[in-house]
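This report looks at side-chain contacts, strand pairing and the nonpolar core of the structure shown below.

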Amino acid sequence: MPKMDLLAAVRRVMTGDRWALAAGARLVEVRPGYARTTMRLRDMHLNGVEVAQGGAVFTLADYAFAACSNSHGTVAVALDVSITFARAAVQGVLTAEAVEESRTRRTSVCTVRVTDEEGALVALFRGTAFRKQDSLEAVLAARKARGARAQGRPRRQAGRSR
């Protein structure tokens, strides 16, 4: 697959991450072995003590990790991840930059730095992904087929049992 087609496939696959998109995470840049995501903190991201909820920061880092580990056109899924929260964030835009530190036929190891608008470290995320044999193109084809089947299927009426 040519480089531009590969990166376009990564972007299309990443638009299927409904959780990250609902949280407001955006994929800003992706290239082989690298990804950058951003998220503007909103009230919904704050926890009970008025700082960014750990799950919101984790979601942003995980989204960058996913794009980075999938950036070679092969489906990669998380095997193990950890995050260390370095400082609280309360407002502004957070940026997560993922760098692939190691890649083998079966694994991808990435480090993700989450920073605030001033460049201060908010969190450090480390992830290992299992690289499957499936291509991202196959994922996109399956998504398209599911969509076509769903459009052709009549909707079930509320209250009716099968």
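## Polar contacts of Glu 100

The side chain of Glu 100 makes a polar contact with the side chain of Ser 108 at 2.5 Å, where a polar contact is a pair of N or O atoms within 3.5 Å; within protein, one must be able to donate a hydrogen and the other to accept it, and residues adjacent in sequence count only if both atoms are side-chain atoms. The side chain of Glu 100 also makes a polar contact with that of His 72, at 2.6 Å. This is a predicted model, in which local features need pLDDT of at least 70 and side-chain atom pairs count only at pLDDT 80 or more, whereas totals for chains, interfaces and linings use all residues. Residues are numbered from 1 along each chain as its sequence is written, and side-chain values use heavy atoms, with hydrogens and water left out.

Glu 100 is found in strand E4, helices (H or I, at least four residues) and strands (E, at least two) being DSSP runs numbered from the N terminus. At 14% relative accessibility Glu 100 counts as buried, a term for under 20% relative accessible area, with exposed over 50% and partly exposed in between (1.4 Å probe, protein chains only). Leaving out residues up to four places away in sequence, Glu 100 touches Gly 33, Cys 68, Ser 69, His 72, Ser 108, Val 109 and Cys 110, contact meaning heavy atoms within 4.5 Å.

For Cys 68 the nearest cysteine sulfur is that of Cys 110, 3.7 Å away. Cys 68 is buried at 0% relative accessibility, and Cys 110 is likewise buried, with a relative accessible area of 0%.

## Strand pairing around E5

Strand E4 (residues 93–103) pairs with E5 in the antiparallel sense over eight bridges, pairing requiring that DSSP finds at least two bridges between the strands. The two form a hairpin with three residues between them, and Val 99 has Thr 111 of E5 as its bridge partner.

E5 and strand E6 (residues 121–135) run antiparallel and are joined by nine bridges; their hairpin has five residues between the strands, and Gly 119 in the turn has a positive phi of about 90°. Seven of the nine residues of E5 (residues 107–115) are buried, so this strand is largely enclosed by the rest of the structure.

## Nonpolar core

The largest nonpolar core has 40 residues, and those with the most contacts inside it are Leu 94, Val 112 and Val 114; such a core is a set of buried Ala, Val, Leu, Ile, Met, Phe, Trp, Tyr and Cys residues joined through side-chain atoms within 4.5 Å. Helix H3 (residues 54–69) gives the most to this core, with 10 residues.

Key. A disulfide is a pair of cysteine sulfur atoms within 2.5 Å.
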